[in-house]
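Visitor: Hi, could you walk me through this model? I'd like to start with the overall picture and then get into the details.

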Amino acid sequence: MTVVGVDDTDSRERGMCTTYLAARLADRFAERGSVERRLLVRLCPAAPHKTRGNAALAVHTDVEPAAAFEVAADLLSDVAETDDPQTHPGLVVAPGAPEAVPEAVAAFAGAAVRRLVTLDEALAGIEAAGYASQGWKTGRGRIGALAAVGAWAALDDWTVERLAYRAAERWGTPRDVDESTVFQAAEAGYPDAWDTVDRVEGEAVCVPHTPGPVLYGVRGDDPAAVDRVAAGIRSEPVATWARFWTNQGTDAHLTAGTMGALRDARAYRVDGTVATAPETRRGGHVFLTLADGDEALPCAAFEPTKRFRDRVRALRPGDRVTVCGEVTDGTLKLEKFAVRELVRTEAVVPTCPDCGRRMESAGRGQGYRCRGCRTSAPGKVEQPVERAIEPGWYEVPPVARRHVAKPLVRGGFDAPIHPER
Ligand code: ZN
């Protein structure tokens with residue numbers, strides 16, 4: 001077996017995307033041998049030079065390493081020569097089974113999913129493992145290429161995406177996809193296939209808006225699930241398609257964090273208590289602050305998270321929660337949260353038992369009284385408070401989902417779930 005990792009062949013100008021390149025690469029391997037699987041690995045999404053979809057690709061094939069290297073280098077050279085200046089392709093070829101890569105290579109892959117790794121770290125890893133590699137231009141793509149090589153050993157939760165590609169002459173033109181069939185197929189395929197559509201926003205999430213070669217991408221738990229959904233979608237002709245194993249929808253980016261010890265450009269799962277009431281600011285963004293002892297953590301649900309903001313607005317100071325998301329400039333961008341414990345009562349000024357009116361303060365530390373009835377009360381009284389949210393996990397809707405974020409419907413969470421679809 002040979003593992004071929006490639007990365008950084010995306011081009012905004014020419015609408016190329018690395019998944020398409022990997023699919024073509026796998027096709028070339030299939031002419032010479034067999035292809036075991038294609039991997040689409042979403043790396044730490046915080047990488048500053050990357051767009052939202054920071055993806056690295058690997059192909060597992062029985063083509064001999066030297067021949068596989070030649071085929072891949074040939075294809076990447078074409079891309080590097082003709083593509084835009086932001087594209088810095090990298091190629092890493094590893095002999096042997098993907099589950100048998102050295103521990104250090106798997107560790108590098110795990111790190112690349114959770115934090116920014118450097119080209120120097122990648123080059124050291126490639127050299128230590130004795131892999132063949134090549135970089136074009138800055139060769140930055142070797143970071144993702146090595147991560148893609150190590151990913152199969154590093155990660156244990158894998159989902160599937162079936163990508164359908166457009167004929168080249170249609171790239172950049174409006175996509176012709178019958179959305180009603182997308183919604184029907186999504187309904188039939190749920191919950192094994194997820195994030196195909198957003199029913200509330202009425203959006204076919206699986207159809208991208210970018211000018212690239214992808215017609216649509218169906219995501220789900222297994223190959224049969226995504227194949228069934230794709231079979232139900234009516235559209236312009238599908239030129240080619242490919243199925244990738246991927247860490248999308250797995251929360252592979254999250255690590256357990258402690259307030260006060262969080263770093264920018266990493267994503268965490270953090271426990272805390274709501275310290276300030278949620279506040280909606282200009283642009284519709286919702287902010288609140290969590291506290292844990294003396295530490296505080298500002299959290300935000302931005303406007304594109306749509307109805308998720310209503311869940312955040314339903315929180316009150318004192319609620320105990322677990323929040324998940326990436327930290328940028330000290331603020332955690334909420335992807336999902338769990339309500340652990342809700343404040344169920346609030347202290348209010350007592351009402352007079354005789355006339356039913358609100359009592360007045362009798363002076364600092366003097367409690368409350370009703371002047372007319374001469375009744376009094378020693379202090380505020382606890383009263384039940386209506387809550388518009390229940391314990392359990394809440395998430396952004398499919399339309400706002402980050403690639404790597406795990407949809408609640410996939411299960412395995414430590415509290416009841418309230419999935420969005
Ligand atoms: Zn009274």
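Guide: Happy to. Buried means under 20% relative accessible area, exposed means over 50%, and partly exposed is in between, with a 1.4 Å probe and protein chains only. On that scale, 52% of the 421 residues of the protein count as buried. This is a predicted model, where local features need pLDDT of at least 70 and side-chain atom pairs count only at pLDDT 80 or more, while totals for chains, interfaces and linings use all residues. Residues are numbered from 1 along each chain as its sequence is written, and side-chain values use heavy atoms, leaving out hydrogens and water.

Visitor: Thanks! How many helices and strands are there in the protein?

Guide: The protein has eight helices and 23 strands. These are DSSP runs numbered from the N terminus, with helices being H or I of at least four residues and strands E of at least two.

Visitor: And which domains is the protein divided into?

Guide: There are domain 1 (2–154), domain 2 (159–246), domain 3 (254–344 + 386–418) and domain 4 (345–384). The bounds come from an automatic or database domain assignment.

Visitor: What area is buried between domain 3 and domain 4?

Guide: About 270 Å², of which carbon and sulfur atoms give 33%. Buried area here is the accessible area (1.4 Å probe) that two parts lose on being put together, summed over both. The C-alpha centres of domain 3 and domain 4 lie 36 Å apart, and the contact (heavy atoms within 4.5 Å) takes four residues from each of the two domains.

Visitor: New topic: which residues touch the most other members in the largest nonpolar core?

Guide: Val4, Val6, Leu25, Phe29, Leu91, Tyr165 and Phe244, out of 32 residues in that core. A nonpolar core is a set of buried Ala, Val, Leu, Ile, Met, Phe, Trp, Tyr and Cys residues joined through side-chain atoms within 4.5 Å. Several elements each supply at least two residues of this core, including strand E1 (2–7), helix H1 (18–32) and helix H2 (65–82). H2 gives the most, with nine residues. Domain 1 and domain 2 each provide at least three residues.

Visitor: What does valine 6 touch?

Guide: Leaving out residues up to four places away in sequence, its contacts include Leu21, Leu25, Leu76, Leu91 and Ala145.

Visitor: Now the metal. Which residues are the protein donors of the zinc ion?

Guide: Cys352, Cys355, Cys370 and Cys373, each through SG, lying 2.3 to 2.4 Å from the zinc ion. Donors are N, O and S atoms within 2.8 Å of the metal (3.2 Å for Na, K and Ca); water is not among the atoms, so sites may look incomplete. In sequence, the donor residues are spaced C-x2-C-x14-C-x2-C. Cysteine 352 lies in the loop between strand E17 (345–348) and strand E18 (360–361) and cysteine 370 in strand E19 (residues 368–370), so the pair ties together parts 18 residues apart in sequence.

Visitor: Are cysteine 352 and cysteine 370 buried or exposed?

Guide: Both cysteine 352 and cysteine 370 are buried.

Visitor: Last one: where is lysine 137 found?

Guide: Lysine 137 is in the loop between strand E5 (132–135) and helix H5 (141–154). Though not a glycine, lysine 137 has a positive phi of about 55 degrees. Lysine 137 is partly exposed, with a relative accessible area of 43%.
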